[in-house]
Amino acid sequence: MNPTNETHASEAGLLVADVGDAVAADDATTLVSQQLLTDRWATATAEHTTRDAGESGVRLRCYPDLRRPANLAAASADAVPEISAAASQ
C-alpha cells in the first residue's frame, strides 16, 4: 500500500481504511468489508483489490467520512425545499 497522505485525514472524521489480509483472504470478502463501511458512511471506495507478490491475501484502501452518514443523499432528496420570502409573495 502507498503511504497515507496527510490530506486523507486532514479533518476530524476523515478516515483511511486499509482492508487487508488480516481481515480477508479473497476479493469477495474484502469488497464485502468495504461495503459494510459504505452502508454506514459516505465513502470513497476502491474499484478493485490489490495483491502483493509473495504475500497471501488481498488488500484495498477506501476513505470513509465519519461526518456524513451514507443515507445523507437520500435524506436530502426527500427534504421539502425551503420557500424564500420573495417566492412566496
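1. Two strands pair if DSSP finds at least two bridges between them. In this predicted model, β2 and β3 run antiparallel and are joined by 4 bridges. Within β3, Tyr63 is the residue opposite Ala44.

2. A quick word on reading the model: local features need pLDDT of at least 70, side-chain atom pairs count only at pLDDT 80 or more, and totals for chains, interfaces and linings use all residues. Numbering starts from 1 along each chain as its sequence is written, and side-chain values use heavy atoms, with hydrogens and water left out.

3. Now the overall layout. The protein has 2 helices and 3 strands, taken as DSSP runs (helices H or I, at least four residues; strands E, at least two) and numbered from the N terminus. Along the sequence the pattern is β-α-β-β-α.

4. The 3 strands form an open antiparallel sheet in the order β1-β3-β2. β1 and β2 (41-44) are at the edges with a single partner strand each, so one side of each has no neighbour in the sheet. Neighbouring strands are turned by 35 degrees against each other on average, direction ignored.

5. Which residues make up the largest nonpolar core? They are Ala17, Val19, Leu37, Ala46, Leu60 and Cys62. Such a core is a set of buried Ala, Val, Leu, Ile, Met, Phe, Trp, Tyr and Cys residues joined through side-chain atoms within 4.5 Å, where buried means under 20% relative accessible area (1.4 Å probe, protein chains only).

6. Of the 89 residues in the protein, 22% count as buried.

Conventions
Buried means under 20% relative accessible area, exposed over 50%, partly exposed in between (1.4 Å probe, protein chains only). Axes are lines fitted to C-alpha atoms, for helices over the stretch in contact, and angles run from 0 to 180 degrees between N-to-C directions.
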